[in-house]
Amino acid sequence: MGKIVDVKFLVKEYDYEKPFHIANNISTSSTNVEVQIVLDNGLVGYGEAAPSYRVNGERVETFPSLEPFVKEQLIGMDVRNYKRIFDIMDGLRCASSLKAAVQFAALDAISVESGLPVHQLLGGAKDEIETDKTVSIDTIENMVKDAKEIYDSGFRVIKIKVGENLKKDIETLEAIAEVTKEAKYIVDANTGYTPKEAIAFAKALYSKGIDIDVFEQPVPAESIEGLKLVRFNSPFPVAADESARTRYDVLRLIREEAVDFVNIKLMKSGISDALAIVEMANTAKIQLMIGCMGESSVGINQSVQFALGTGAFVFHDLDSHLMLKEEQFRGKFKQDGPKMIVR
C-alpha cells in the first residue's frame, strides 16, 4: 500500500476571461501541466505546474521530456516517505513549478490514502482564509470599474497592477481609492519601476492620504539594493516576489534587510523551499503573503492547502482560478466569494 506505480504529465490549456496585463507582459491563456501520482491501490494524487518563463525561465514544452526521469526516480517508492520524494525533486532546479506539482501530488496521494486533508498533514492551523482579487493594467476607467466590481462582490483586499506609466499609476490609485473606501490594497509593479520611480510613487500616494498595505516588487528582480532603498524610503511595507524564488534568495533578502514582506509562490519554490521560507521568515520577523501564477483550481488548491496548514500568511493572493475559464472547479476547498474554506 502506498507504492507509486505511475507518474503522469497532462498538458492543459486554460484561457483567461480577459487578457491579464501586468508590467511589460500580457497573457491570454495559461498552459499548465497536471501531474498525477498513481498508487498501487489505484488511488491518485494530483498536482499542477504553471510554468513561467518570465519568473523561472521555464518553458512548458520542456516538461514532457522530464516525465521519464521523474518516473524512473519515483516509481516503486512509498509515497508516505514523502521527504525522499521532496529531496529528489529539490534536485530538479530547471523546473521549479514542476517540482511543486510533484511534491504536492505526493502529499495529495497520502491525503487520499489516509483520509486526512493536506492542510491537516501540514499542521491544520486554519479553517479558512480570504483571498484578494486582482485588477490588471488597463485604462484608468476600466481599472476603476474592475476595482469597484471586485469590492462590490465582497472582496476587501484588492491587488492592483502598476509599473508601466508612473503618472497614470498614481491617478489610477487615487481614482480606485475614491470608489473602494475601506478596502486594503496590494500594489504590484512586477519589477516595472526604477528605485527612484518607486519612491516617487509611494510618496505621492502617501501625500494624498492613500494607504497601501503591501508595495510588491517595485524594482527589477536582481536589484536587491534597489529593494532596500525603496524599503527605507517608502512609507509602505515593501515585498519581494520575483526577487524571492528560493530559500537562498530569501536568506539574502533577510541578511540585506531589503524587505518587509516575502511573497511565497509554490510555483517558484516548491513545497520544500516554501516550508523553509516560512520558518526563516518567522525567525526573522518578516511577514508573508502567498501568491499564484496562472494555476487552475487544481493548482490553486495546492496553495490553499499550504496556507490553511501553516497559517503563515497575512495576505493571500490566490485568484488565478477566478480569472481562468474552467469547465469544472476541482479544488478541495469551498470557494465562497473571497473566502476559501476547508471541506
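1. Four bridges join strand S10 (residues 261-264) to strand S11 (residues 287-290), and the two strands run parallel; strands pair here if DSSP finds at least two bridges between them. Val262 in turn is partnered with Leu288 in S11. From S10 the chain crosses through helix H11 (residues 266-284) to S11, in a right-handed β-α-β crossover. Right-handed means that, with the strands pointing away from the viewer, the path from the first strand over the helix to the second runs clockwise. Helices (H or I, at least four residues) and strands (E, at least two) are DSSP runs, numbered from the N terminus.

2. A word on the basis of these remarks. This is a predicted model, in which local features need pLDDT of at least 70 and side-chain atom pairs count only at pLDDT 80 or more, while totals for chains, interfaces and linings use all residues. Residues are numbered from 1 along each chain as its sequence is written, and side-chain values use heavy atoms, with hydrogens and water left out.

3. Do look at the two faces of S10. Phe261 and Asn263 point one way, Val262 and Ile264 point the other way, and all are buried. Buried means under 20% relative accessible area, exposed over 50%, and partly exposed in between (1.4 Å probe, protein chains only). In a regular strand the side chains alternate between the two faces of the sheet.

4. On its other pairing, S10 meets strand S9 (residues 238-240) in the parallel sense over two bridges. Here Ala239 stands opposite Phe261. S9, helix H10 (residues 247-255) and S10 make a right-handed β-α-β unit.

5. Moving on from S11, two bridges join this strand to strand S12 (residues 315-316), again in parallel. Met289 stands opposite Phe315 in S12. S11, helix H12 (residues 297-310) and S12 form a right-handed β-α-β unit.

6. Ser303 lies in helix H12 and is buried, with a relative accessible area of 1%. Ser303 touches Leu266, Ile290, Gly291, Glu295 and Leu318, leaving aside residues up to four places away in sequence; contact means heavy atoms within 4.5 Å. Ala281 is found in helix H11 and counts as buried at 2% relative accessibility. Its contacts, again not counting residues up to four places away in sequence, are Ile254, Ile286 and Leu288.

7. The buried residues of H6 are Met143, Val144, Asp146, Ala147, Ile150 and Tyr151. They cover an arc of only 160° around the axis, which puts them on the same side of H6; the arc is that of the directions from the helix axis to the C-beta atoms. The face turned away from this buried side carries the exposed residues Glu141 and Asp152. Cover for the buried residues of H6 includes strand S1 (4-22), strand S5 (133-135), strand S6 (157-161) and helix H7 (166-179). H6 is followed by Gly154, whose phi is positive, near 110°.

8. The buried residues of H7 are Lys168, Asp169, Ile170, Thr172, Leu173, Ile176 and Ala177. What covers them includes H6, S6, strand S7 (184-188) and helix H8 (195-207).

9. Lastly, the cysteines. The structure holds zero disulfides, a disulfide being a pair of cysteine sulfur atoms within 2.5 Å. Cys94 is exposed, with a relative accessible area of 51%, whereas Cys292 is buried, with a relative accessible area of 8%.
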